[in-house]
Amino acid sequence: MGRVYKHVLPEVRKELNGWRVAADQIPDPELRKQALASIETKQFHCEGGGIYAAVPLPDRLVLTKLIVAYQTISDYLDNLCDRSTSMDPADFRLLHQSMLDATDPEAETVNYYALRQEQNDGGYLRSLVTTCQSCIRQLPGYSAAMPYIRDLAGLYTDLQVYKHIKPELREQALLDWWELHRERTPHLQWNEFAAATGSTLGVFMLFLAASDKHLNDTAAASIHASYFPHVCCLHIMLDYLIDQEEDRLGGDLNFCNYYDSPDSMLDRIALIVESARKDVLSIPVPPFHRMIIEGLLAIYLSDPKVSEQQEVRSVSRRLMKGSPLTRLFFFVNSRWIRKHLYE
């Protein structure tokens, strides 16, 4: 946490400030609005991802730049699709081709806006993609990590397409997609599999692993399996848990709405927590990854949105019951950060 406060958070904010300046120069007003909004309202996504650059590595600055650029693409496109002037799945897929290109250092950028009305972003999205590619070229173990990163990026792209199409088509499209992949996670319900594909944490961990020139296929595959599905699923289910009222008002899909009852939802999330804890025991430095898991629980369950929703507040209290000291530390720490750094 000392490194987080002293190095990571200032470095993340420096990178974000650079992208904020670039976003402010976007000629198209709608694209500029969504780019700026994604940075203003989702800064904590980059700050959370920056934890993976907190290890004492010589590549820390490269890793920070890469994580911030990749997460900024994700947040920007999420805003564009959530509040889209288009409902065209082909448009959403082309936009998210940028995330696939960002993970391939040899990919040629294209006009990612070709299927929508808004076109002129002044090179903003292309610059985010090429920044990721430039950073990736500096990671000596990336060739071993790349197939597993591409798998996660591909699943993420599919999810973003299906969850943003016309509301009456979303659920069936997601169910059809799940049928293609359900053998990968037969113990998960369809909404939990979908949630797992929506996290960038597995990609960030593989970016970190790629900093090691000795990374091989076996190690990269083990990391992928340790993060996907359970750690990734926990991340996004907690995000949806606290956003239920906000999504209801906005008419957005929420994966927590597909349980029979709050008790059922609690049981499933608790099971995912325990599965995530077991999974990370099989990769190096389990305490670091346990810290990530406890930190996720604390950060989301300490969010002010929890206290505003009675049902969520009840689930939160039960999830926090009997928490280990690590989680309690992050819970208090998260509240302190929100009070002193965001207000």
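Which helices each supply at least two residues of the lining of the second largest pocket? Helix 10 (201-209), helix 11 (217-227) and helix 15 (286-301) do.

**Figure 1. Overview of the predicted model.** The structure is a predicted model: local features need pLDDT of at least 70, side-chain atom pairs count only at pLDDT 80 or more, and totals for chains, interfaces and linings use all residues. Residues are numbered from 1 along each chain as its sequence is written, and side-chain values use heavy atoms, with hydrogens and water left out. The protein has 18 helices and zero strands. Helices (H or I, at least four residues) and strands (E, at least two) are DSSP runs, numbered from the N terminus. Of the 343 residues, 57% count as buried. Buried means under 20% relative accessible area, exposed over 50%, and partly exposed in between (1.4 Å probe, protein chains only). Among contacts with a separation of 6 or more, 75% join residues 24 or more positions apart. A contact means heavy atoms within 4.5 Å.

**Figure 2. The largest nonpolar core.** This core holds 109 residues. Tyr 52, Phe 207 and Phe 255 have the most contacts inside it. Helix 4 (residues 60-82) gives the largest share, 12 residues. Domain 1 (1-138) and domain 2 (141-342) both contribute residues, so the core lies between them. Domain bounds come from an automatic or database domain assignment. A nonpolar core is a set of buried Ala, Val, Leu, Ile, Met, Phe, Trp, Tyr and Cys residues joined through side-chain atoms within 4.5 Å. In soluble globular proteins, nonpolar side chains tend to be buried together.

**Figure 3. Surroundings of Phe 255****.** Residues up to four places away in sequence are not counted here. Phe 255 touches Leu 159, Leu 174, Trp 190 and Asn 191, among others. Its list of partners also includes Ala 194, Ala 195, Met 237 and Tyr 240.

**Figure 4. The second largest pocket.** About 390 Å³ of space lies in this pocket. Of its 17 lining residues, Met 205, Leu 208, Ala 209, Pro 284 and Val 285 are the closest to its centre. A pocket is found on a 1 Å grid over the protein atoms alone: it is an open set of points where a 1.4 Å probe fits, with protein on both sides within 12 Å along at least five of seven lines, and lining residues have an atom within 4 Å of a point. Grid points are joined across faces, edges and corners, and the volume is the space filled by probe spheres set on the points. Helix 10 gives the largest share of the lining, three residues. The lining divides into 12 nonpolar residues, four polar and one charged. Ala, Val, Leu, Ile, Met, Phe, Trp, Tyr, Cys and Pro count as nonpolar, Asp, Glu, Lys and Arg as charged, and the others, Gly among them, as polar.

**Figure 5. Helix 10.** This helix is mostly covered, with nine of its nine residues buried. They are Leu 201, Gly 202, Val 203, Phe 204, Met 205, Leu 206, Phe 207, Leu 208 and Ala 209.

**Figure 6. Backbone features in two loops.** A cis peptide bond joins Phe 228 and Pro 229, with omega about 20°. Pro 229 lies in the loop between helix 11 and helix 12 (230-242). Val 285 lies in the loop between helix 14 (262-279) and helix 15. Phi of Val 285 is near 55°, a positive value in a residue other than glycine. Val 285 is exposed, at 55% relative accessible area. Most residues other than glycine have a negative phi, and most peptide bonds are trans.

Figure 7. His 224 sits in helix 11 and is buried, with a relative accessible area of 11%. Beyond residues up to four places away in sequence, His 224 touches Tyr 148, Asp 151, Leu 152 and Arg 184. Ile 236 belongs to helix 12 and counts as buried at 9% relative accessibility. Leaving aside neighbours within four places in sequence, Ile 236 contacts Ala 195, Gly 198 and Ser 199. Ile 236 and Gly 198 are 38 residues apart in sequence but 6.5 Å apart in space, C-alpha to C-alpha.

Figure 8. Asp 252 lies in the loop between helix 13 (244-250) and helix 14. Leaving aside neighbours within four places in sequence, Asp 252 is in contact with Asp 82, Arg 83, Arg 170 and Asp 247. Arg 116 is found in the loop between helix 5 (89-102) and helix 6 (124-136).
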